[in-house]
Amino acid sequence: MPESTHPFQTLTPSFIMDAVESQGYRCDCRTSALNSYENRVYQVGVEDGQPLIAKFYRPRRWSDAQILEEHAFSFELAEHELPVVAPCRNEAGESLFHYEGFRFALYPRQGGHAPEFDNDENLVILGRMLGRIHSIGALRPFKERPTLDCMSFGRRSVQLISADFIPDEYRESYLAVTEQLLQAIDEIFAATPDVRVIRAHGDCHAGNILWRDGAPHFVDFDDARTAPAIQDLWMMLSGERPRQQAQLVQLIKGYREFNDFHSRELWLVEALRALRMLHYSAWLASRWEDPSFPRTFPWFNTVRYWGEHILQLREQLALLEEPPLELPRDL
């Protein structure tokens, strides 16, 4: 698809400043793109004030109601003095704005760096903050945001890839390993029916946490959805099993200062990781008409990529058969 045909090509510096100024600000002509692919995010200089972060939502991904529910969750957390970066509201109390066919939100700029997941003290602090966030997330359900489940993240992802993307020489292998994976994931979820689901951040990786002044600040609730609490914890675990075990202990030590954590959720870690792997490939495929994706991810949809992806899925299938991580009895 020619670049000029994609909606995001409309977002020139002039257009971005006009959108921000439609909310009463006066821009100083400084704009810079930030690292974001699903949406488009820019830092915009403002006269007589700190720069703003302008986030333009990808058309047709979320409904207005779903975006506003995400904003409401951020506001609720901020009102409880939790370190989240919530959107700005105008004098009418609005946080979702419309300009020339785009929906956008404005955020205060928040500095910081990625947290150190090998630092025990940092992990305890992160656990405390997530325990507090989840205690608020459990107070009421989402009504508009989706649920993280095997159908939405798993089966629909496989359907998309198998229909239009997987090369013929890998089709049989891909369908075989994904069917085994999906069956194993279904069995794991069926074996843990009493795991509570809550309003969760949904995409709580290092890139969405800014560490500043000894504390984390959680940003980008764009993927907020109904999910088990462990969804916001497992992405902070990395490395071999002993390392993950040590990281988990510190996270849960902090988490349990403010919230209950049920060890049965640990059975879901590798199932959730498998769903993320399937969903990530489908996300790239579903966005391939956006010119920024072929430029940024040139390795995707090559024969080599699919061969490596199938190997990774087989390795993940083996992990699903291993015992889950464990917590010490005295924790």
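Two residues are said to be in contact when they have heavy atoms within 4.5 Å of each other. The model is a predicted one, in which local features need pLDDT of at least 70 and side-chain atom pairs count only at pLDDT 80 or more, while totals for chains, interfaces and linings use all residues. Residues are numbered from 1 along each chain as its sequence is written, and side-chain values use heavy atoms, with hydrogens and water left out.

Asp222 is found in the loop between strand S8 (215–218) and strand S9 (225–228). Here and below, helices (H or I, at least four residues) and strands (E, at least two) are DSSP runs, numbered from the N terminus. Asp222 counts as buried because its relative accessibility is 2%; the cut-offs are under 20% relative accessible area for buried, over 50% for exposed, and in between for partly exposed (1.4 Å probe, protein chains only). The side chains of Asp222 and Arg61 form a salt bridge, with 2.3 Å from N to O. The term salt bridge stands for a side-chain nitrogen of Lys or Arg within 4 Å of a carboxyl oxygen of Asp or Glu.

The contact between them takes 24 residues from domain 1 and 31 residues from domain 2. The size of an interface is often given as the accessible area lost when the parts come together. Domain 1 and domain 2 bury about 2,400 Å² between them, 57% of it on carbon and sulfur atoms; this buried area is the accessible area (1.4 Å probe) that two parts lose on being put together, summed over both. Glu69, Phe73 and Pro83 supply 26% of the area that domain 1 buries against domain 2, more than any other three residues.

Between the two domains there are 9 salt bridges. Helix H2 (residues 64–79) gives the largest share of the side of domain 1 that touches domain 2, with 9 residues. By class, that side of domain 1 has 11 nonpolar, 4 polar and 9 charged residues. In this grouping, Ala, Val, Leu, Ile, Met, Phe, Trp, Tyr, Cys and Pro are nonpolar, Asp, Glu, Lys and Arg are charged, and the others, Gly among them, are polar.

Arg60 is not a glycine, yet has a positive phi of about 70 degrees. Arg60 sits in the loop between S3 and H2 and counts as exposed because its relative accessibility is 75%. Glu81, in the loop between H2 and S4, also has a positive phi, of about 60 degrees, although it is not a glycine. With a relative accessible area of 68%, Glu81 is exposed.

Finally, Met151 belongs to helix H4 (residues 150–164). Its relative accessible area is 39%, so Met151 is partly exposed. Met151 and Arg60 lie 91 residues apart in sequence and 20 Å apart in space, C-alpha to C-alpha.
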